[in-house]
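Good morning, and thank you for making time for this presentation. Please look at the structure as it comes up, and I will then take you through it part by part.

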Amino acid sequence: MTAPDVPEHLRKTARGEPVTFLEAVSEALFEEMTRDDSIFLLGEDIGVYGGAFKVTRDFLAHFGADRVIDTPIAEGGFTGAAAGAAHMGLRPIVEMQFMDFISPAYDVITNYIATSRYRGAGPVPLVIRGPVGGGNRGGPFHSQNVEMAFFHTPGLKIVYPSTPYDAKGLLKAAVRDDDPVIFEEHKGLYRAPGLREVLPDEDYVIPLGEARTVREGSDVSIVTYGSMVHRSVEAAEALEQEDGVSVEILDLRTLLPLDDDAIVAAVKKTGRILIVHEDTRTGGIAGEISMRVNERAFEWLDAPILRVTAIDAPVPYSGSLEDYFLPQTEDIVTAVRYLAAY
Amino acid sequence: MTRDAHGLGRAELHQIYRALVLTRTAEERLETLQKQGHVTGGLYRSLGQEAGAVGAAFALRRRTDGTGDFLAPTIRAAGALFLFGAEPVDFFRQYMARDTGPTRGREANVHWFDFDRCFLGPVSPLGTMLGVMAGVTLSFRMRGEERVGLVFYGDGASSTGAWHEGLSLAAVQRCPLVLVVEHNQYAFSTPTACNTRVESFTEKAPGYGIEAESVDGTDVLAVFDAVRRAAARARAGGGTQMVELRYFRRRGHAQHDPQDYVDPALIAAWEKKDPLDRFRARMLEHEWATPDELRALDEEVFRQCRSAAETAVAEPLPDGPDALLDVYRDGHAPLPWTRAPDPAAALAGQVGP
């Protein structure tokens with residue numbers, strides 16, 4: 001049976017048109033499923049409806065019901081099924097409708113999936129992906145970042161891209177990886193017009209575990225990821241204009257494993273480091289990064305390691321509360337000024 | 001052969017008997033090894049439940065080339081693993097955490113994978129295995145393979161959310177999966193009545209739209225029949241099935257559990273329904289075997305277990321630094337800097353892990 005043609009909305013890169021972050025994710029999934037028929041999707045409302053954010057729009061018609069499976073609302077059950085199918089040589093991709101809903105699958109991810117290779121199961125190639133992050137007035141259950149619920153679990157990898165180009169290349173790398181990967185997509189980036197970019201019209205992957213220098217600078221280094229990359233760039237541009245402060249920005253891209261060498265290099269370059277994450281403060285990744293800098297680059301520091309994060313609270317609904325909850329560009333500016341003057 | 005033999009030939013009946021004896025003998029040998037200090041972790045007996053695992057596994061297609069039916073055992077289903085080709089020496093190696101064992105000391109007891117013999121290593125929260133086995137059997141259905149999966153679990157796991165979620169998915173996807181609930185009346189010290197209001201776990205099946213039957217779990221041929229029927233339905237496209245095994249856990253949850261929450265008279269009553277005694281009597285009654293043949297099998301199994309245990313005892317534990325390996329495909333966990341040849345250099349990142 002010949003599959004129908006590639007849907008028009010997934011041909012933008014082929015036509016040389018810019019794509020959004022969301023379209024980059026869709027293209028990555030579509031191209032990987034076309035390349036490898038052992039890949040299939042599991043998730044809620046991903047078939048007929050095309051996913052809550054329409055990431056898999058028209059996939060069902062193209063790939064059929066065995067490769068685009070609408071599941072019961074049972075995140076633990078279908079994530080477990082992904083593991084079982086991966087054992088049998090398939091390469092499942094699980095969509096969490098919102099990553100906030102990953103919690104019922106915490107057991108199977110941490111106890112079963114993450115330990116499988118260590119317990120002798122061999123590869124468990126699967127990706128768990130979905131939208132994260134705040135700023136959309138989604139309230140406590142449609143806005144969370146989940147990386148730190150899994151960062152502490154050896155055996156997992158965690159990816160959190162900030163641009164369409166990275167999202168596509170990193171998602172392809174995650175799908176081809178033989179280890180289980182949690183892939184976070186910030187919903188505020190999904191359709192952000194300013195992020196649209198023309199992607200290469202050939203297959204490319206971005207290796208997991210490699211950070212990217214977004215911006216060169218000499219006074220203060222910001223280590224960040226996801227939506228905060230863009231807020232950090234805003235801050236850096238303001239600081240350069242208003243203060244003449246030169247800010248280096250490192251986009252981690254992969255959180256597990258962390259690119260220690262890139263972090264240490266950024267510290268050594270400026271001697272001042274600010275860690276910025278949208279996730280909440282206590283137990284956030286800034287703590288771990290700070291510890292690693294302490295271990296490997298203590299003598300290079302000219303100032304304390306600082307962080308800018310969300311406040312330690314559930315994600316509030318009201319815009320006035322959520323804006324206060326989230327790290328803002330002005331917070332980053334304030335922190336960089338403090339470091340630069342230290 | 002009489003028609004009571006359930007369509008089984010003499011050699012097959014001997015195989016079933018042998019698997020029952022092997023389960024009992026291997027576990028008794030483990031008790032000795034534990035007393036001698038060789039088994040450092042928990043020891044979980046299946047006393048009184050051996051016929052469940054053996055009868056169920058015997059009803060499946062057992063292959064050693066990765067094409068057979070697929071099994072997720074519980075700690076009390078060692079007999080099923082043996083029938084699927086697991087070597088007793090590996091069973092001992094696992095309990096004794098030997099480097100030579102299938103998980104090289106990372107995991108214990110029956111928790112190991114063998115994709116050729118077609119079983120996987122469960123995790124301790126057993127309800128989780130429903131979802132995993134839903135995925136294993138989903139792959140059979142998607143590829144048009146005439147294979148089924150079988151997942152064992154107990155009274156306690158039946159109460160977990162993971163069990164419900166896994167079964168919900170398996171049922172709607174019509175996965176060729178047979179659920180075998182080991183209704184042994186206790187989840188650790190918790191009696192079934194504290195886990196569910198239903199009398200039989202089969203009462204849960206209609207809520208998922210699946211077929212179920214309940215069977216005397218001490219009668220190995222009754223179990224065999226029930227699971228064979230369920231597997232046939234699943235193989236024919238009938239979707240997910242459930243079989244309840246009714247029996248009694250005649251020992252504590254593990255050897256460290258004195259089981260003092262159970263009336264000794266109840267245990268004594270169930271001793272009279274010992275699955276091995278029952279099947280031995282039936283073998284003799286129907287003349288499926290002579291007393292000499294059974295005795296020879298008993299002795300052969302005893303020698304096998306003794307020899308396997310001696311082999312495993314003599315083998316080494318894994319090297320400590322092996323704990324760093326196999327967390328990911330590439331690389332390994334960072335070496336603790338305090339254990340590096342030059343700790344200070346390692347701390348500074350000048351010596352790679």
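Let me begin with a term: two residues are in contact if their C-beta atoms, placed from the backbone, lie within 7 Å. What you see is a predicted model.

With that term in hand, please find two helices of chain A, α3(A) and α4(A). Gly76(A), Thr79(A), Gly80(A) and Ala83(A) on the α3(A) side meet Asp107(A), Val108(A), Ile109(A), Tyr112(A), Ile113(A) and Ser116(A) on the α4(A) side. Sorted by class, this contact holds five nonpolar, four polar and one charged residues. In general, two packed helices are described by the angle between their axes and the distance between the axes. Here the axes of α3(A) and α4(A) come within 10 Å and cross at roughly 10°. Angles under 35 degrees count as roughly parallel, and α3(A) is therefore roughly parallel to α4(A).

How many residues of chain A are in contact with chain B? There are 35 of them, and they face 36 residues of chain B. On the chain A side, the elements that give two or more residues are α3 (75–87), α4 (106–116) and α10 (285–297). The most comes from α3(A), with eleven residues. By class, the chain A side divides into 17 nonpolar, ten polar and eight charged residues.

I turn now to the sheets of chain A. One is an open sheet of seven strands with mixed pairing, in the order β2-β1-β3-β4-β6-β5-β10. Its edges are β2 (68–70) and β10 (254–256) of chain A; each has a single partner strand, so one side of each is left without a neighbour in the sheet. On average, neighbouring strands of this sheet are turned by 20° against each other, direction ignored. Within the sheet, β3(A), residues 91–95, and β4(A), residues 127–132, pair in the parallel sense over three bridges. Ile93(A) has Val127(A) as its bridge partner in β4(A). Packed on this sheet is helix α6 of chain A, residues 164–176, which touches β1, β3, β4, β5 and β6 of that chain. The direction of α6(A) makes about 160° with that of β6(A).

The other sheet to consider is open and has five strands, ordered β7-β9-β8-β11-β12 in chain A, again with mixed pairing. Why is one side of β7 (212–215) and of β12 (306–310) of chain A left without a neighbour in the sheet? Both stand at the edges, and each has a single partner strand. The pairing of β7(A) with β9(A), residues 247–251, is antiparallel and runs over three bridges; in β9(A), Asp251(A) is the bridge partner of Arg212(A). Helix α9(A), residues 260–270, packs on the sheet and touches β8, β9 and β11 of chain A. Helix α12(A), residues 329–341, packs on the sheet as well, touching β8, β9, β11 and β12 of chain A, and its direction makes about 170° with that of β12(A).

Finally, chain B. Helix α7(B), residues 220–238, has buried residues that include Val220(B), Phe224(B), Val227(B) and Ala231(B). Among the elements covering the buried residues of α7(B) are α1, α2 and α9 of chain B. After α7(B) comes Gly239(B), with a positive phi near 80°.

Definitions and conventions: Residues are numbered from 1 along each chain as its sequence is written. Chains are lettered from A and ligands numbered from 1 in the order in which they are written. This is a predicted model: local features need pLDDT of at least 70, side-chain atom pairs count only at pLDDT 80 or more; totals for chains, interfaces and linings use all residues. Helices (H or I, at least four residues) and strands (E, at least two) are DSSP runs, numbered from the N terminus. Ala, Val, Leu, Ile, Met, Phe, Trp, Tyr, Cys and Pro count as nonpolar, Asp, Glu, Lys and Arg as charged, and the others, Gly among them, as polar. Two strands pair if DSSP finds at least two bridges between them. Axes are lines fitted to C-alpha atoms, for helices over the stretch in contact, and angles run from 0 to 180 degrees between N-to-C directions. Angles under 35 degrees count as roughly parallel, over 145 as roughly antiparallel, 65 to 115 as roughly perpendicular and the rest as oblique. A residue is buried if 20 or more other C-beta atoms lie within 10 Å of its own, exposed if 12 or fewer, and partly exposed in between; C-beta atoms are placed from the backbone.
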